[in-house]
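Me: I would like to go through this protein slowly, asking at each step what a word is based on. Could you set each value beside its definition?

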Amino acid sequence: MSSLDLALIGNGSIGALVDSKARIVWGCFPRFDGDPVFCSLLKDHGEPEHGFFDIELMDFDRAERVYRPNSAVLLTKLYSRDGACIEITDFSPRFKQFGRTFRPTMLIRHIRPRAGNPRVRIRLRPAFGYGSHRPEMTRGSNHLRYIMPDMTLRLTTDAPVVYVADEMPFNLERPITMVLGPDESLEYPVAQTGRDFFEKTDDYWLEW
């Protein structure tokens, strides 16, 4: 049976459940009652084939997880047996903009090396039809598109796109940002967008 030791991230429009190793295992798009793009939580046994968003640290040993104080921003640290460490920041943007609450159907993940020489593998495998099908994937210079009958999701990232698309392990030598949301280009570079949305979202929850 899947573990129910789960953390919640969300913004009032969408929500996602994250397990203790920073794998997103449940999340519906474009609303709470939408098709579960991430649905591996329902897998009874064995490794799920799809329906998850995983950031895997090679030679994994242990994990630590905590929310930022008075915030809905989730921090997870993964440690390897050789002493390497990465930190993953997960949130869904929510803040005041133009006199109203901005809460897009978007998940943002920051991944930072914290110690040693971490080697990671990113596996993004959404599903549709309540877990029965995997979408078609297309590649761009800095994004991947996941095409489903009723919507298309876009992952924009400054990580090497080929490594994400082909699920290849690589050395994490610098921070990377991953923005998963509507099939639209970002107005600003992905790292800048992720940093700006993080600061505004964290401030929003602190004020709330």
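Me: How do you know where the charges of the protein lie on average, and how far apart are the mean positions of the positive and negative ones?
Reply: Lys and Arg count as positive and Asp and Glu as negative, while His and the chain ends are not counted, and the place of a charge is taken as NZ of Lys, CZ of Arg, CG of Asp or CD of Glu. On that basis the protein has 27 positive and 29 negative charges, and their mean positions are 1 Å apart. Please keep in mind that this is a predicted model, in which local features need pLDDT of at least 70 and side-chain atom pairs count only at pLDDT 80 or more, whereas totals for chains, interfaces and linings use all residues. Residues are numbered from 1 along each chain as its sequence is written, and side-chain values use heavy atoms, with hydrogens and water left out.

Me: What makes the radius of gyration of the protein agree with that of a compact globule?
Reply: The radius is taken over C-alpha atoms, and the globule rule is 2.2 Å times the number of residues to the power 0.38. For 208 residues a compact globule would come near 17 Å, and the protein has 16 Å, so the two agree. Along its principal axes, the C-alpha trace spans about 50 × 40 × 35 Å.

Me: How many helices and strands does the protein have, and what counts as one?
Reply: There are two helices and 17 strands, where helices (H or I, at least four residues) and strands (E, at least two) are DSSP runs numbered from the N terminus.

Me: Why is Phe-38 called buried?
Reply: Buried means under 20% relative accessible area, exposed over 50%, and partly exposed in between, with a 1.4 Å probe and protein chains only. Phe-38 has a relative accessible area of 1%, and is therefore buried. Its place is in strand E4, residues 35–38. In the protein as a whole, buried residues make up 51% of the 208.

Me: Which residues does Phe-38 touch, leaving aside those up to four places away in sequence?
Reply: Contact means heavy atoms within 4.5 Å, and the partners of Phe-38 include Ile-24, Trp-26, Phe-53, Leu-107, Leu-124 and Leu-180. By contrast, the C-alpha atoms of Phe-38 and Leu-206, which are 168 residues apart along the chain, are separated by 28 Å.

Me: What makes a set of residues a nonpolar core, and which members of the largest one touch the most others?
Reply: A nonpolar core is a set of buried Ala, Val, Leu, Ile, Met, Phe, Trp, Tyr and Cys residues joined through side-chain atoms within 4.5 Å. The largest has 38 residues, of which Phe-38, Phe-53, Ile-86, Ile-111 and Leu-155 touch the most other members. Apart from it lies another core, of 13 residues, with Phe-95, Phe-102, Val-190 and Tyr-204 among them. In soluble globular proteins, nonpolar side chains tend to be buried together.

Me: Where is Phe-102, and which residues does it touch?
Reply: Phe-102 is found in strand E10, residues 100–102, and, not counting residues up to four places away in sequence, it touches Pro-93, Arg-94, Phe-95, Gln-97 and Phe-197.

Me: Is Thr-201 buried or exposed, and how do you know?
Reply: Thr-201 has 0% relative accessibility, so it counts as buried. This residue lies in helix H2, residues 190–207, and its contacts beyond four places in sequence include Val-73, Phe-91 and Phe-95.

Me: Why is Asp-54 called buried, and which residues is it in contact with?
Reply: Asp-54 has a relative accessible area of 5%, and is therefore buried. Leaving aside its neighbours within four places in sequence, Asp-54 is in contact with Arg-23, Arg-109, Arg-121, Ile-122 and Arg-123. The residue is found in strand E5, residues 52–57.

Me: What kind of peptide bond joins Phe-29 and Pro-30?
Reply: The bond is cis, with omega about 0°, and Pro-30 has its place in the loop between strands E3 and E4.
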